[in-house]
Amino acid sequence: MLLRIWRAKLNPARLEAYRRFERERSLPMFRKQPGLLAVLFLREAEDYAASLTVWEDKGAVEALTSSPSYRQ
């Protein structure tokens, strides 16, 4: 099992747009990825976001970078 953490600084004025992006684009994309076990979308105050993904193995994480839905 492997955990992957991705962090980004957010513009607080665009927080709702970012939440919509997570729901409508990111979550469906992650659900299509082979080897994904879980995904959590996190907030650190109002100006940072993170996604924590749990994968079966390193190969599943490496395959993510070449996934057409991820690259889109």
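A polar contact is a pair of N or O atoms within 3.5 Å; within protein, one must be able to donate a hydrogen and the other to accept it, and residues adjacent in sequence count only if both atoms are side-chain atoms. This is a predicted model: local features need pLDDT of at least 70, side-chain atom pairs count only at pLDDT 80 or more, and totals for chains, interfaces and linings use all residues. Residues are numbered from 1 along each chain as its sequence is written, and side-chain values use heavy atoms, leaving out hydrogens and water.

**View 1. S67 in its loop.** S67 sits between helix 2 (58–64) and helix 3 (68–71). Helices (H or I, at least four residues) and strands (E, at least two) are DSSP runs, numbered from the N terminus. S67 is buried, at 9% relative accessible area. Buried means under 20% (1.4 Å probe, protein chains only). The side chains of S67 and S69 make a polar contact of 3.1 Å.

**View 2. The largest nonpolar core.** Its eight residues are M29, F30, L36, V39, W55, A60, V61 and L64. Helix 1 (15–31), strand 2 (36–44) and helix 2 each give two or more residues. Helix 2 gives the most, with three. Such a core is a set of buried Ala, Val, Leu, Ile, Met, Phe, Trp, Tyr and Cys residues joined through side-chain atoms within 4.5 Å.

**View 3. V39 in strand 2.** V39 is buried, with a relative accessible area of 18%. Beyond four places in sequence, V39 touches L27, F30, L52 and T53; contact means heavy atoms within 4.5 Å. V39 and V54 lie 15 residues apart in sequence, yet 6.3 Å apart in space, C-alpha to C-alpha.

Technical notes:
Buried < 20%, exposed > 50% of the residue type's maximum accessible area, 1.4 Å probe, protein only.
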